[in-house]
Amino acid sequence: GYVQILKQQDVDLIHQEYIAIILKEINSINRVIQQLLYFARPRQGYWQPVSLNQLIEECLVLIKTTGLQARIDFTTQMAPDLADLQADGELLRQVILNILINAVQAISARGHILIRTWQFDATRQAVMIHDDGCGISAQHRSKIFDPFFTTKASGTGLGLALSQRIINAHQGDIQLSSEPNSGTAFTLILPVKHQGNTPSTKHTQH
């Protein structure tokens with residue numbers, strides 16, 4: 001809060017540059033702390049009707065606003081008649097965004113990301129996010145969901161571990177297919193109905 005006040009009051013250009021860096025790093029620290037807190041004590045899910053297709057569209061809007069269209073082509077193949085899932089939309093959004101960000105980071109120059117949804121079977125739906133980036137080695141694939149494992153210089157190693165925990169809480173499955181230099185595909189398989197939980201009375205629509 002005090003740094004934000006300084007940003008508003010200090011007109012020195014050098015100070016403004018330093019303050020911007022401080023704020024950026026504070027936000028980074030805050031994200032790590034939030035991930036650690038959630039990993040230690042997951043929040044109770046808010047089970048409500050959620051459109052998988054709509055959730056993906058919302059995530060794509062967030063991803064595309066960063067100006068990635070210049071180097072990455074996004075293709076969507078959405079099944080048009082999917083029923084709403086009984087899910088926590090905010091947590092699923094976190095998973096989809098994390099996988100999309102990983103896909104973007106795997107593409108060093110120009111590339112393509114495909115997002116597809118379909119009815120997996122009578123009781124489950126699926127979404128696949130496939131990139132044509134650098135891929136993941138067999139050695140790293142076996143560790144990719146381990147907490148704190150990361151190949152990124154600034155990564156925390158919590159994103160995919162949290163994603164797996166969220167999908168497990170939804171009684172779903174997360175699958176990985178990848179080869180070095182041949183891209184990566186993450187597939188989320190989610191039940192339409194969540195068993196064993198009473199839907200929340202929270203009125204926020206995700």
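Modeller: Let's begin with a term: a salt bridge is a side-chain nitrogen of Lys or Arg within 4 Å of a carboxyl oxygen of Asp or Glu. Keep in mind that this is a predicted model.

Biologist: How many salt bridges does a search of the whole structure find?

Modeller: The search turns up five salt bridges. Let's look at some of them, starting with Glu58.

Biologist: Which residue forms a salt bridge with Glu58, and how far apart are the closest N and O atoms?

Modeller: The partner is Arg93, with 2.6 Å between the closest N and O atoms. Glu58 sits in helix α3 and Arg93 in helix α4, so this pair ties together parts that are 35 residues apart in sequence. There is also a network of salt bridges here, linking Glu58, Glu90 and Arg93.

Biologist: Are Glu58 and Arg93 buried or exposed?

Modeller: Buried means under 20% relative accessible area. Arg93 has 14% relative accessibility, so Arg93 counts as buried. Glu58, at 26%, counts as partly exposed.

Biologist: Now the helices themselves. How should I read the way α3 and α4 cross?

Modeller: The general idea is that two packed helices are described by the angle between their axes and the distance between the axes. In this model, the axes of α3 (residues 52-64) and α4 (residues 89-106) come within 10 Å and cross at roughly 50 degrees. That angle makes α3 oblique to α4. The crossing of α3 past α4 is right-handed.

Biologist: Which residues make the contact?

Modeller: On the α3 side they include Leu55, Ile56, Glu58 and Cys59, and on the α4 side Leu92, Arg93, Ile96 and Leu97 are among them. Sorted by type, the residues of this contact divide into 13 nonpolar, one polar and two charged.

Biologist: What about Arg110: which residue does Arg110 form a salt bridge with?

Modeller: Arg110 pairs with Asp73, and their closest N and O atoms are 3.3 Å apart. This pair links distant parts of the chain, 37 residues apart: Arg110 is in the loop between α4 and β4, and Asp73 is in strand β2. Arg110 is exposed, with a relative accessible area of 53%, while Asp73 counts as partly exposed at 39%.

Biologist: And where are Glu179 and Arg141 in the chain?

Modeller: The side chains of Glu179 and Arg141 meet in a salt bridge, at 4.0 Å from N to O. Glu179 lies in the loop between β6 and β7, and Arg141 in helix α5, 38 residues apart. Glu179 is partly exposed at 45%, and Arg141 counts as partly exposed at 25%.

Conventions
Residues numbered from 1 in each chain as written. Predicted model: local features only at pLDDT ≥ 70, side-chain atom pairs only at ≥ 80, totals over all residues. Heavy atoms only, no water. Axes fitted to C-alpha atoms, helices over the stretch in contact; angles between N-to-C directions. Helix = DSSP H or I, 4+ residues; strand = E, 2+ residues; numbered from the N terminus. Parallel < 35°, antiparallel > 145°, perpendicular 65-115°, else oblique. Left-handed = near helix turned anticlockwise from the far one by under 90°. Contact = heavy atoms within 4.5 Å. Nonpolar A, V, L, I, M, F, W, Y, C, P; charged D, E, K, R; others polar. Buried < 20%, exposed > 50% of the residue type's maximum accessible area, 1.4 Å probe, protein only.
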